[in-house]
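Please look over the structure shown below before reading on. The notes that follow take up its nonpolar core, its ligand shell and its annotated positions.

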Amino acid sequence: MPKSLSERDQLVNWHPYTQMQTAPAPIGIVRGEGALLFAEDGKEYIDAVSSWWVNIHGHAHPHIAERVAQQLRTLEHVIFAGFTHEPAVELSERLLRLLPANQAKVFYTDNGSTAVEVALKMALQYWHNQGIPKTKIIALEGSYHGDTFGAMSVSERSVFTRPFQQYLFDVEFLPVPVPGKEAEALQRLEEIAGSGEIAAFIFEPLVLGTAGMVMYEPKVLDQILALCHKHQIITIADEVMTGFGRTGKRFAMDYLTQQPDLMCFSKGLTGGTMALGVTTCALPVFNAFLSQDKTQALFHGHSYTANPIACAAALASLDLVEHPDFIRNLERISAAHLAFAGKLDGQPGIKACRQTGTILAVEFEVGETSYFHNLRDQLYHLALDHGVLLRPLGNIIYVLPPYCITAAQLEQVYAVIEQMRLLVVEQ
Ligand code: PLP
């Protein structure tokens, strides 16, 4: 008997964040279309998490597929030092038109973690090039910025970072300024900033994703950024998760009046088609690297930097982001989330419901709330059994759907969450 995709996988692959000894067999997916994934055994799944928050336009979008196919036939790759190409130039031009007005230059990498690594390196070298001894970084408690060493250093110390603790650099963590904690966060920032040693502050604007979709208000972020600017602290907005519509506007930073010095993007950038990341910066950051001394350059790059196919995928994704349907879909999903959260709030088994734009988080009332608590796997499989892909973060379930999800599919996702609530209540 020929083996299934899932069986063949188990012989050769090692999956991320997965205890390979006890994890169930992976589900073999053979096709995607819109919000749906089709499995080799004939089952269908609604991808309610946009496959790790990347497939913002759904799967196998024909417009992106066509643009990528064209690019493949024209130029698939070229070294990005000493050479350039149309997709990278056009993508940077278009991105900069959409981003906060101070963003002036685009640096390409391959994923969210490396976009963050580059931002951290830019911030640290910005001071180094000027001979100013600012070397410390501030992040928010509970943050997640990726799995490479710099990104891990500015992330919450957790099961993700434990074996590498001694190799991570020291970071000051600020309380997340959730309602009621604004004053504490601002006061702590004043204390830390006073040392004059702080090079940069990195943050997930408005929603801390991996922390469990923890949400805070634009107003307090504006105050924090104003304080950073006053103390000459470089600000880094990590929009890897929030970028491209997640929070209900194109970018979370569109809710603010302050502008960040650096921004990081990936995930939705190509609509989940190709691995691509970018770090953008304001002109003063870029200018600090200009010199007759070649050693003051940014010594960072990847073989696939600004891959033309990935840039073409991002350009096609941007066409969809700039289409009027895009905002209409964000509004439609936001309104549906809000109405469902309203129904759920206060019900037995529900500790809290949070919503910002197309992000909905439901926190279940369980005794123990560790990432590995025993209900987590039950909730995950309950959703799969009902044809919905939802990936709980401990006792928190979140919905970040592709923006093409239909009203009927959304209702199906909400119905599964209601089933989850009943399971929690029964326990
Ligand atoms: N930054 C944020 C806010 C993220 O949510 C993530 C991934 O979840 C990353 C960075 C890392 O991105 P990647 O998984 O592409 O390395």
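Leaving aside neighbours within four places in sequence, A123 is in contact (C-beta atoms, placed from the backbone, within 7 Å) with A199, A200, I234, I236 and L262. This is a predicted model, in which local features need pLDDT of at least 70 and side-chain atom pairs count only at pLDDT 80 or more, while totals for chains, interfaces and linings use all residues. Residues are numbered from 1 along each chain as its sequence is written.

**Nonpolar core**
- A119, A123 and I236 have the most contacts inside the largest nonpolar core, which has 115 residues; such a core is a set of buried Ala, Val, Leu, Ile, Met, Phe, Trp, Tyr and Cys residues joined through C-beta atoms within 7 Å, buried meaning 20 or more other C-beta atoms within 10 Å of a residue's own, with C-beta atoms placed from the backbone.
- Domain 1 (5–60 + 324–426) and domain 2 (64–321) both contribute residues, so this core lies between them; the domain bounds come from an automatic or database domain assignment.

**Ligand shell**
- The ligand is surrounded by 14 residues, of which N111, G112, S113, G146 and V240 are the closest, a residue being counted if its C-beta atom, placed from the backbone, lies within 6 Å of the molecule.
- Helix α5 (residues 112–129) gives the most to this shell, with three residues; helices are DSSP runs (H or I, at least four residues), numbered from the N terminus.

**Annotated positions**
- An unreviewed UniProt entry lists W52, Y144, K267, G301 and R391 under "binding site"; UniProt positions are given in the numbering used here, feature names are shortened, and annotations may be inferred rather than shown by experiment.
- These positions span 340 residues in sequence, and their farthest two C-alpha atoms are 32.8 Å apart, so they do not all gather at one spot.

Methods. Helices (H or I, at least four residues) and strands (E, at least two) are DSSP runs, numbered from the N terminus. A residue is buried if 20 or more other C-beta atoms lie within 10 Å of its own, exposed if 12 or fewer, and partly exposed in between; C-beta atoms are placed from the backbone. Two residues are in contact if their C-beta atoms, placed from the backbone, lie within 7 Å.
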